[in-house]
Amino acid sequence: MSAMVGDCDVAVIGAGVVGLACAYELAGLGLRVTVFDRGEAGSGASRQAAGMLAPASEAEAEDQALVALAVESCKRYPGWVAELEHTSQTRCGYRTEGSLLVALHRSHLEEIDRLAQIQTRLGLATTALTRDEMLARESNLSPRVIGGLFAPEDRQINPRWLTIALQTALCSVGGTIDCHADVAPSLQAGRVAGVEGRAGAEDVHVRAEVVVLAGGAWSGSAWPETAGSLPLRPVKGQILRLRGAALIDHVVRTPDIYLVPREDGELVVGATSEEQGFDPATTAGAVMDLLRHAWLAVPGVAELELAETGVGFRPALRDNLPAIGPTGIEGLYAATGHYRHGVMLAPITGMLIAEMVRGGPTPALLKPFDPRRFGQPAVATGVVP
Ligand SMILES: Cc1cc2nc3c(=O)[nH]c(=O)nc-3n(C[C@H](O)[C@H](O)[C@H](O)COP(=O)(O)OP(=O)(O)OC[C@H]3O[C@@H](n4cnc5c(N)ncnc54)[C@H](O)[C@@H]3O)c2cc1C
(Lines give C-alpha, C1' and ligand atoms only; values in the text may rest on other atoms or scores of the structure.)
Protein backbone atom coordinates (compact mmCIF):
# COMPACT_ATOMS: atom_id res chain seq x y z
CA MET A 1 0.00 0.00 0.00
CA SER A 2 1.34 3.49 -0.88
CA ALA A 3 1.69 6.18 1.76
CA MET A 4 1.93 9.96 1.91
CA VAL A 5 4.91 10.58 4.18
CA GLY A 6 6.63 13.85 4.91
CA ASP A 7 7.25 16.57 7.37
CA CYS A 8 6.45 20.20 7.95
CA ASP A 9 6.63 22.65 10.86
CA VAL A 10 2.87 23.09 11.24
CA ALA A 11 0.01 20.87 10.05
CA VAL A 12 -3.41 22.51 9.96
CA ILE A 13 -6.45 20.21 9.96
CA GLY A 14 -9.28 21.86 8.00
CA ALA A 15 -9.19 24.22 5.02
CA GLY A 16 -12.17 26.39 5.95
CA VAL A 17 -11.82 30.09 6.49
CA VAL A 18 -10.45 29.55 10.01
CA GLY A 19 -7.83 26.92 9.12
CA LEU A 20 -6.72 28.85 6.04
CA ALA A 21 -6.42 32.09 8.04
CA CYS A 22 -4.24 30.32 10.62
CA ALA A 23 -2.14 28.67 7.91
CA TYR A 24 -1.61 31.97 6.06
CA GLU A 25 -0.41 33.77 9.20
CA LEU A 26 1.84 30.86 10.21
CA ALA A 27 3.38 30.61 6.74
CA GLY A 28 3.98 34.36 6.93
CA LEU A 29 6.30 33.65 9.89
CA GLY A 30 8.48 31.57 7.58
CA LEU A 31 7.17 28.22 8.90
CA ARG A 32 6.55 25.28 6.55
CA VAL A 33 2.79 24.85 6.73
CA THR A 34 0.57 22.14 5.23
CA VAL A 35 -3.23 22.28 5.40
CA PHE A 36 -5.20 19.04 5.16
CA ASP A 37 -8.86 18.83 4.23
CA ARG A 38 -10.91 15.70 3.83
CA GLY A 39 -12.98 17.36 1.10
CA GLU A 40 -12.25 20.37 -1.09
CA ALA A 41 -10.78 23.49 0.51
CA GLY A 42 -13.52 25.94 1.51
CA SER A 43 -16.33 23.41 1.14
CA GLY A 44 -17.57 23.36 4.77
CA ALA A 45 -19.57 26.01 6.63
CA SER A 46 -17.36 28.69 5.08
CA ARG A 47 -18.89 27.98 1.67
CA GLN A 48 -22.41 28.65 2.94
CA ALA A 49 -21.67 31.64 5.21
CA ALA A 50 -23.34 34.96 4.47
CA GLY A 51 -20.14 36.83 5.33
CA MET A 52 -21.55 39.46 7.68
CA LEU A 53 -18.85 41.12 9.79
CA ALA A 54 -21.28 42.60 12.25
CA PRO A 55 -20.41 42.95 15.94
CA ALA A 56 -23.29 45.45 16.38
CA SER A 57 -26.04 43.46 14.68
CA GLU A 58 -24.89 40.20 16.28
CA ALA A 59 -24.67 41.63 19.82
CA GLU A 60 -27.85 39.98 21.10
CA ALA A 61 -25.92 37.25 22.92
CA GLU A 62 -24.41 40.10 24.97
CA ASP A 63 -21.16 38.28 25.60
CA GLN A 64 -18.69 41.09 26.24
CA ALA A 65 -15.61 38.97 25.60
CA LEU A 66 -16.96 37.78 22.24
CA VAL A 67 -17.90 41.31 21.21
CA ALA A 68 -14.39 42.52 22.18
CA LEU A 69 -12.83 39.76 20.04
CA ALA A 70 -15.19 40.55 17.15
CA VAL A 71 -14.48 44.28 17.31
CA GLU A 72 -10.73 43.62 17.29
CA SER A 73 -11.08 41.22 14.36
CA CYS A 74 -13.16 43.72 12.39
CA LYS A 75 -10.54 46.43 13.05
CA ARG A 76 -7.94 44.21 11.43
CA TYR A 77 -10.16 43.29 8.47
CA PRO A 78 -9.41 46.17 6.06
CA GLY A 79 -5.62 45.74 6.26
CA TRP A 80 -5.89 41.94 6.15
CA VAL A 81 -8.12 41.96 3.07
CA ALA A 82 -5.94 44.53 1.30
CA GLU A 83 -2.88 42.34 1.90
CA LEU A 84 -4.69 39.16 0.79
CA GLU A 85 -6.06 40.81 -2.34
CA HIS A 86 -2.60 42.13 -3.18
CA THR A 87 -0.83 38.81 -2.56
CA SER A 88 -3.46 36.67 -4.29
CA GLN A 89 -4.58 39.14 -6.97
CA THR A 90 -8.12 37.98 -6.07
CA ARG A 91 -10.99 40.19 -4.93
CA CYS A 92 -12.70 39.34 -1.63
CA GLY A 93 -15.86 41.44 -2.04
CA TYR A 94 -15.33 43.46 1.18
CA ARG A 95 -18.11 46.05 1.50
CA THR A 96 -18.53 48.89 3.97
CA GLU A 97 -22.10 50.20 3.55
CA GLY A 98 -23.19 48.96 7.00
CA SER A 99 -26.39 47.20 8.08
CA LEU A 100 -29.98 48.35 8.39
CA LEU A 101 -31.98 46.63 11.13
CA VAL A 102 -35.49 46.97 9.86
CA ALA A 103 -38.74 46.81 11.85
CA LEU A 104 -41.85 45.85 9.88
CA HIS A 105 -44.20 45.85 12.86
CA ARG A 106 -44.36 46.70 16.57
CA SER A 107 -42.88 43.48 17.91
CA HIS A 108 -39.90 43.87 15.54
CA LEU A 109 -39.44 47.39 16.89
CA GLU A 110 -39.48 46.11 20.47
CA GLU A 111 -36.80 43.52 19.61
CA ILE A 112 -34.68 46.09 17.82
CA ASP A 113 -35.03 48.53 20.78
CA ARG A 114 -33.84 45.77 23.10
CA LEU A 115 -30.85 45.15 20.81
CA ALA A 116 -30.11 48.90 20.75
CA GLN A 117 -29.89 48.92 24.56
CA ILE A 118 -27.42 46.02 24.48
CA GLN A 119 -25.38 47.78 21.77
CA THR A 120 -25.22 50.95 23.87
CA ARG A 121 -24.08 48.96 26.93
CA LEU A 122 -21.36 47.30 24.81
CA GLY A 123 -20.25 50.61 23.28
CA LEU A 124 -21.27 49.66 19.71
CA ALA A 125 -22.29 52.48 17.38
CA THR A 126 -25.82 52.44 15.97
CA THR A 127 -28.25 55.20 14.99
CA ALA A 128 -32.05 55.04 15.25
CA LEU A 129 -33.78 55.76 11.92
CA THR A 130 -37.37 56.73 11.19
CA ARG A 131 -39.42 55.07 8.48
CA ASP A 132 -38.63 57.86 6.01
CA GLU A 133 -34.92 57.76 6.80
CA MET A 134 -34.92 54.00 6.19
CA LEU A 135 -36.68 54.39 2.84
CA ALA A 136 -34.32 57.22 1.86
CA ARG A 137 -31.39 54.82 2.34
CA GLU A 138 -33.03 51.83 0.64
CA SER A 139 -35.92 52.68 -1.67
CA ASN A 140 -36.73 48.99 -2.34
CA LEU A 141 -37.58 48.29 1.29
CA SER A 142 -41.20 47.42 1.93
CA PRO A 143 -43.43 50.48 2.46
CA ARG A 144 -44.58 48.66 5.63
CA VAL A 145 -41.26 49.48 7.35
CA ILE A 146 -41.90 51.46 10.56
CA GLY A 147 -38.34 52.32 11.63
CA GLY A 148 -35.17 50.66 12.86
CA LEU A 149 -31.44 51.09 13.31
CA PHE A 150 -28.40 51.81 11.18
CA ALA A 151 -25.15 50.03 12.15
CA PRO A 152 -22.56 52.06 10.18
CA GLU A 153 -19.56 49.99 11.24
CA ASP A 154 -20.94 46.60 10.19
CA ARG A 155 -19.15 45.20 7.15
CA GLN A 156 -19.52 42.20 4.85
CA ILE A 157 -17.33 40.01 2.66
CA ASN A 158 -17.88 37.24 0.12
CA PRO A 159 -16.63 34.13 2.01
CA ARG A 160 -16.27 32.10 -1.21
CA TRP A 161 -13.99 34.71 -2.72
CA LEU A 162 -12.18 35.09 0.60
CA THR A 163 -11.35 31.37 0.84
CA ILE A 164 -10.05 31.39 -2.74
CA ALA A 165 -7.90 34.44 -1.96
CA LEU A 166 -6.61 32.75 1.21
CA GLN A 167 -5.68 29.56 -0.68
CA THR A 168 -3.83 31.49 -3.38
CA ALA A 169 -2.10 33.77 -0.87
CA LEU A 170 -1.11 30.80 1.32
CA CYS A 171 0.46 28.98 -1.62
CA SER A 172 2.28 32.11 -2.75
CA VAL A 173 3.94 32.44 0.68
CA GLY A 174 5.10 28.81 0.56
CA GLY A 175 2.22 26.91 2.20
CA THR A 176 0.64 23.78 0.71
CA ILE A 177 -2.89 22.37 0.76
CA ASP A 178 -3.63 18.62 0.58
CA CYS A 179 -7.28 17.97 -0.22
CA HIS A 180 -9.14 14.67 0.25
CA ALA A 181 -6.92 13.79 3.21
CA ASP A 182 -8.83 12.85 6.35
CA VAL A 183 -6.38 13.20 9.22
CA ALA A 184 -6.10 13.46 13.00
CA PRO A 185 -3.21 14.49 15.24
CA SER A 186 -0.70 11.73 15.95
CA LEU A 187 0.77 11.67 19.44
CA GLN A 188 4.08 10.41 20.80
CA ALA A 189 5.06 10.46 24.46
CA GLY A 190 2.01 12.57 25.22
CA ARG A 191 2.82 15.39 22.77
CA VAL A 192 1.93 16.05 19.16
CA ALA A 193 4.10 14.29 16.60
CA GLY A 194 2.22 15.27 13.42
CA VAL A 195 -0.90 14.02 11.66
CA GLU A 196 -1.98 10.65 10.35
CA GLY A 197 -4.96 9.38 8.43
CA ARG A 198 -6.04 8.47 4.91
CA ALA A 199 -5.97 10.16 1.52
CA GLY A 200 -7.94 7.90 -0.83
CA ALA A 201 -6.02 4.61 -0.95
CA GLU A 202 -2.93 6.11 0.71
CA ASP A 203 -2.01 6.20 4.39
CA VAL A 204 -0.92 9.64 5.57
CA HIS A 205 1.94 10.06 8.06
CA VAL A 206 3.26 13.58 8.27
CA ARG A 207 5.53 14.76 11.06
CA ALA A 208 4.96 18.25 12.49
CA GLU A 209 6.02 20.05 15.65
CA VAL A 210 2.69 21.83 15.82
CA VAL A 211 -0.82 20.84 14.76
CA VAL A 212 -3.72 23.31 14.56
CA LEU A 213 -7.12 21.63 14.66
CA ALA A 214 -9.54 23.77 12.64
CA GLY A 215 -11.99 21.14 11.44
CA GLY A 216 -15.14 23.21 11.97
CA ALA A 217 -18.17 21.18 13.08
CA TRP A 218 -16.20 17.95 12.45
CA SER A 219 -13.35 18.85 14.83
CA GLY A 220 -14.60 16.37 17.42
CA SER A 221 -13.72 13.35 15.29
CA ALA A 222 -10.04 14.41 15.20
CA TRP A 223 -9.89 15.58 18.82
CA PRO A 224 -7.67 13.29 20.94
CA GLU A 225 -9.41 11.94 24.04
CA THR A 226 -6.44 12.92 26.15
CA ALA A 227 -6.97 16.59 25.22
CA GLY A 228 -10.05 16.72 27.47
CA SER A 229 -13.62 17.44 26.60
CA LEU A 230 -14.73 19.28 23.44
CA PRO A 231 -18.54 19.49 23.61
CA LEU A 232 -19.03 20.44 19.97
CA ARG A 233 -22.24 20.17 17.94
CA PRO A 234 -23.25 21.16 14.40
CA VAL A 235 -25.93 23.84 14.12
CA LYS A 236 -27.59 23.44 10.73
CA GLY A 237 -28.17 26.57 8.66
CA GLN A 238 -30.23 26.64 5.47
CA ILE A 239 -29.50 29.60 3.23
CA LEU A 240 -30.54 30.81 -0.24
CA ARG A 241 -28.77 32.61 -3.04
CA LEU A 242 -30.88 34.71 -5.40
CA ARG A 243 -29.73 36.48 -8.58
CA GLY A 244 -30.90 39.44 -10.57
CA ALA A 245 -31.13 43.22 -10.47
CA ALA A 246 -29.47 44.82 -7.44
CA LEU A 247 -32.21 45.79 -4.96
CA ILE A 248 -30.24 46.92 -1.90
CA ASP A 249 -26.77 48.23 -1.04
CA HIS A 250 -26.77 47.71 2.74
CA VAL A 251 -27.10 44.42 4.52
CA VAL A 252 -30.78 44.40 5.50
CA ARG A 253 -31.86 42.51 8.61
CA THR A 254 -35.15 42.04 10.37
CA PRO A 255 -35.46 39.89 13.50
CA ASP A 256 -36.58 37.09 11.12
CA ILE A 257 -34.16 37.29 8.22
CA TYR A 258 -31.08 38.86 6.68
CA LEU A 259 -30.38 39.86 3.08
CA VAL A 260 -26.77 40.36 2.01
CA PRO A 261 -26.16 41.96 -1.40
CA ARG A 262 -23.01 41.01 -3.30
CA GLU A 263 -21.30 43.14 -5.88
CA ASP A 264 -21.81 40.44 -8.56
CA GLY A 265 -25.63 40.59 -8.36
CA GLU A 266 -26.07 37.77 -5.84
CA LEU A 267 -28.45 38.33 -2.91
CA VAL A 268 -27.89 35.97 0.02
CA VAL A 269 -30.95 35.25 2.15
CA GLY A 270 -30.46 33.52 5.47
CA ALA A 271 -30.64 31.59 7.53
CA THR A 272 -32.24 28.90 9.65
CA SER A 273 -30.69 27.73 12.89
CA GLU A 274 -31.55 24.10 13.57
CA GLU A 275 -30.37 21.52 16.09
CA GLN A 276 -30.61 18.59 13.64
CA GLY A 277 -27.14 17.07 13.75
CA PHE A 278 -25.51 16.66 10.31
CA ASP A 279 -28.81 16.48 8.41
CA PRO A 280 -27.99 17.72 4.88
CA ALA A 281 -31.59 18.07 3.65
CA THR A 282 -32.93 21.32 2.23
CA THR A 283 -36.53 21.50 3.42
CA ALA A 284 -39.48 23.06 1.64
CA GLY A 285 -40.58 24.76 4.86
CA ALA A 286 -37.24 26.49 5.37
CA VAL A 287 -37.10 27.73 1.77
CA MET A 288 -40.69 28.96 2.05
CA ASP A 289 -40.03 30.80 5.36
CA LEU A 290 -36.81 32.40 4.17
CA LEU A 291 -38.39 33.60 0.92
CA ARG A 292 -41.53 34.86 2.66
CA HIS A 293 -39.61 36.89 5.24
CA ALA A 294 -37.27 38.21 2.54
CA TRP A 295 -40.26 39.25 0.42
CA LEU A 296 -41.92 40.97 3.39
CA ALA A 297 -38.78 43.11 3.88
CA VAL A 298 -37.87 43.69 0.21
CA PRO A 299 -40.85 42.79 -2.04
CA GLY A 300 -38.72 42.94 -5.22
CA VAL A 301 -37.05 39.63 -4.29
CA ALA A 302 -40.05 37.91 -5.84
CA GLU A 303 -38.65 38.82 -9.28
CA LEU A 304 -35.20 37.32 -8.65
CA GLU A 305 -33.98 33.92 -9.76
CA LEU A 306 -33.61 31.34 -6.96
CA ALA A 307 -30.08 30.36 -7.95
CA GLU A 308 -29.01 28.12 -5.09
CA THR A 309 -30.15 26.55 -1.85
CA GLY A 310 -27.48 25.50 0.63
CA VAL A 311 -26.97 23.82 3.97
CA GLY A 312 -24.04 24.50 6.29
CA PHE A 313 -23.05 23.27 9.74
CA ARG A 314 -21.93 25.92 12.21
CA PRO A 315 -19.40 24.55 14.70
CA ALA A 316 -20.86 25.34 18.14
CA LEU A 317 -19.47 24.51 21.57
CA ARG A 318 -21.65 24.09 24.65
CA ASP A 319 -21.35 27.79 25.55
CA ASN A 320 -21.49 28.88 21.88
CA LEU A 321 -18.06 30.54 22.23
CA PRO A 322 -15.00 29.55 20.18
CA ALA A 323 -12.03 27.50 21.39
CA ILE A 324 -8.79 29.20 20.31
CA GLY A 325 -5.36 28.38 21.73
CA PRO A 326 -3.26 25.63 23.28
CA THR A 327 -4.95 22.41 24.34
CA GLY A 328 -3.98 20.01 27.12
CA ILE A 329 -1.54 18.36 24.65
CA GLU A 330 1.79 20.00 23.94
CA GLY A 331 2.02 21.21 20.34
CA LEU A 332 -1.72 20.88 19.68
CA TYR A 333 -3.72 24.10 19.21
CA ALA A 334 -7.46 24.43 18.69
CA ALA A 335 -9.10 26.96 16.38
CA THR A 336 -12.68 25.80 16.31
CA GLY A 337 -16.20 26.40 17.64
CA HIS A 338 -16.63 29.73 15.85
CA TYR A 339 -20.37 29.06 15.55
CA ARG A 340 -22.06 32.00 13.73
CA HIS A 341 -18.93 34.13 13.59
CA GLY A 342 -16.10 32.23 11.93
CA VAL A 343 -15.77 34.56 8.96
CA MET A 344 -15.83 37.63 11.20
CA LEU A 345 -13.29 36.10 13.60
CA ALA A 346 -10.94 34.59 10.97
CA PRO A 347 -8.27 37.33 10.92
CA ILE A 348 -7.93 37.63 14.70
CA THR A 349 -7.93 33.83 15.10
CA GLY A 350 -5.16 33.39 12.53
CA MET A 351 -3.06 36.25 13.91
CA LEU A 352 -3.34 35.20 17.57
CA ILE A 353 -2.70 31.51 16.82
CA ALA A 354 0.45 32.57 14.96
CA GLU A 355 1.54 34.72 17.94
CA MET A 356 1.13 31.79 20.33
CA VAL A 357 2.83 29.26 18.05
CA ARG A 358 5.75 31.70 17.78
CA GLY A 359 6.11 31.38 21.55
CA GLY A 360 4.06 34.32 22.83
CA PRO A 361 1.83 34.00 25.90
CA THR A 362 -1.91 33.48 25.49
CA PRO A 363 -3.24 36.99 24.70
CA ALA A 364 -5.66 38.41 27.30
CA LEU A 365 -8.36 38.68 24.59
CA LEU A 366 -8.33 34.88 24.27
CA LYS A 367 -8.54 33.94 27.96
CA PRO A 368 -12.35 33.35 27.84
CA PHE A 369 -11.90 31.09 24.80
CA ASP A 370 -9.43 28.62 26.35
CA PRO A 371 -10.01 25.20 24.71
CA ARG A 372 -9.32 23.58 28.13
CA ARG A 373 -12.32 25.24 29.80
CA PHE A 374 -14.54 22.16 29.42
CA GLY A 375 -12.23 20.07 31.59
CA GLN A 376 -10.50 16.73 31.36
CA PRO A 377 -12.34 13.50 30.50
CA ALA A 378 -14.16 11.97 33.46
CA VAL A 379 -12.07 9.28 35.14
CA ALA A 380 -14.03 6.14 35.96
CA THR A 381 -14.50 5.96 39.75
CA GLY A 382 -16.58 2.84 40.02
CA VAL A 383 -19.39 4.88 41.58
CA VAL A 384 -22.65 4.67 39.62
CA PRO A 385 -24.72 7.84 40.03
C1 LIG B 1 -25.92 29.48 6.87
C2 LIG B 1 -24.70 30.05 7.56
C3 LIG B 1 -24.48 31.42 7.56
C4 LIG B 1 -23.38 31.95 8.21
N5 LIG B 1 -23.15 33.30 8.17
C6 LIG B 1 -22.05 33.82 8.78
C7 LIG B 1 -21.78 35.21 8.71
O8 LIG B 1 -22.55 35.98 8.11
N9 LIG B 1 -20.67 35.69 9.32
C10 LIG B 1 -19.80 34.87 10.00
O11 LIG B 1 -18.80 35.36 10.53
N12 LIG B 1 -20.03 33.54 10.05
C13 LIG B 1 -21.13 33.00 9.48
N14 LIG B 1 -21.39 31.67 9.55
C15 LIG B 1 -20.50 30.84 10.38
C16 LIG B 1 -19.26 30.46 9.62
O17 LIG B 1 -19.62 29.90 8.38
C18 LIG B 1 -18.44 29.45 10.43
O19 LIG B 1 -18.24 29.90 11.75
C20 LIG B 1 -17.07 29.27 9.75
O21 LIG B 1 -17.23 29.00 8.39
C22 LIG B 1 -16.30 28.17 10.42
O23 LIG B 1 -15.12 28.02 9.67
P24 LIG B 1 -14.22 26.76 9.88
O25 LIG B 1 -13.03 26.94 9.02
O26 LIG B 1 -14.02 26.56 11.35
O27 LIG B 1 -15.13 25.53 9.43
P28 LIG B 1 -15.52 24.99 7.99
O29 LIG B 1 -15.66 26.06 6.99
O30 LIG B 1 -16.67 24.07 8.19
O31 LIG B 1 -14.23 24.18 7.56
C32 LIG B 1 -13.82 23.03 8.27
C33 LIG B 1 -13.07 22.15 7.27
O34 LIG B 1 -12.40 21.14 8.00
C35 LIG B 1 -12.43 19.97 7.22
N36 LIG B 1 -12.19 18.85 8.13
C37 LIG B 1 -12.91 18.54 9.24
N38 LIG B 1 -12.37 17.47 9.86
C39 LIG B 1 -11.29 17.10 9.13
C40 LIG B 1 -10.33 16.04 9.26
N41 LIG B 1 -10.36 15.18 10.28
N42 LIG B 1 -9.35 15.96 8.32
C43 LIG B 1 -9.30 16.83 7.31
N44 LIG B 1 -10.20 17.84 7.14
C45 LIG B 1 -11.17 17.98 8.04
C46 LIG B 1 -13.80 19.98 6.59
O47 LIG B 1 -13.82 19.16 5.42
C48 LIG B 1 -14.00 21.46 6.29
O49 LIG B 1 -13.59 21.80 4.97
C50 LIG B 1 -22.47 31.09 8.89
C51 LIG B 1 -22.67 29.72 8.85
C52 LIG B 1 -23.77 29.19 8.19
C53 LIG B 1 -23.96 27.70 8.15
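Me: What makes the crossing of H1 and H9 a right-handed one?

Reply: In this predicted model, H1 passes H9 in a right-handed crossing, a name that applies because the near helix is turned clockwise from the far one by less than a right angle. Helix H1 (residues 17-28) and helix H9 (residues 342-357) pack at an angle of about 35°, and their axes are 8 Å apart.

Me: Which residues make the contact, and how many of them are nonpolar, polar or charged?

Reply: On the H1 side the contact includes Val17, Ala21 and Cys22, while H9 contributes, among others, Val343, Ala346 and Ile353. By class, the contact of H1 with H9 has eleven nonpolar, three polar and one charged residues.

Me: How do you know that Cys22 is in no disulfide?

Reply: A disulfide needs a pair of cysteine sulfur atoms within 2.5 Å, whereas the nearest cysteine sulfur to that of Cys22, belonging to Cys8, is 14 Å away, and therefore Cys22 is in no disulfide. For Cys171 the nearest cysteine sulfur, that of Cys179, is 9.4 Å away, so Cys171 is in no disulfide either. By this rule the count comes to zero disulfides.

How values were computed
Residues are numbered from 1 along each chain as its sequence is written. This is a predicted model: local features need pLDDT of at least 70, side-chain atom pairs count only at pLDDT 80 or more; totals for chains, interfaces and linings use all residues. Side-chain values use heavy atoms; hydrogens and water are left out. Axes are lines fitted to C-alpha atoms, for helices over the stretch in contact, and angles run from 0 to 180 degrees between N-to-C directions. Helices (H or I, at least four residues) and strands (E, at least two) are DSSP runs, numbered from the N terminus. Contact means heavy atoms within 4.5 Å. Ala, Val, Leu, Ile, Met, Phe, Trp, Tyr, Cys and Pro count as nonpolar, Asp, Glu, Lys and Arg as charged, and the others, Gly among them, as polar.
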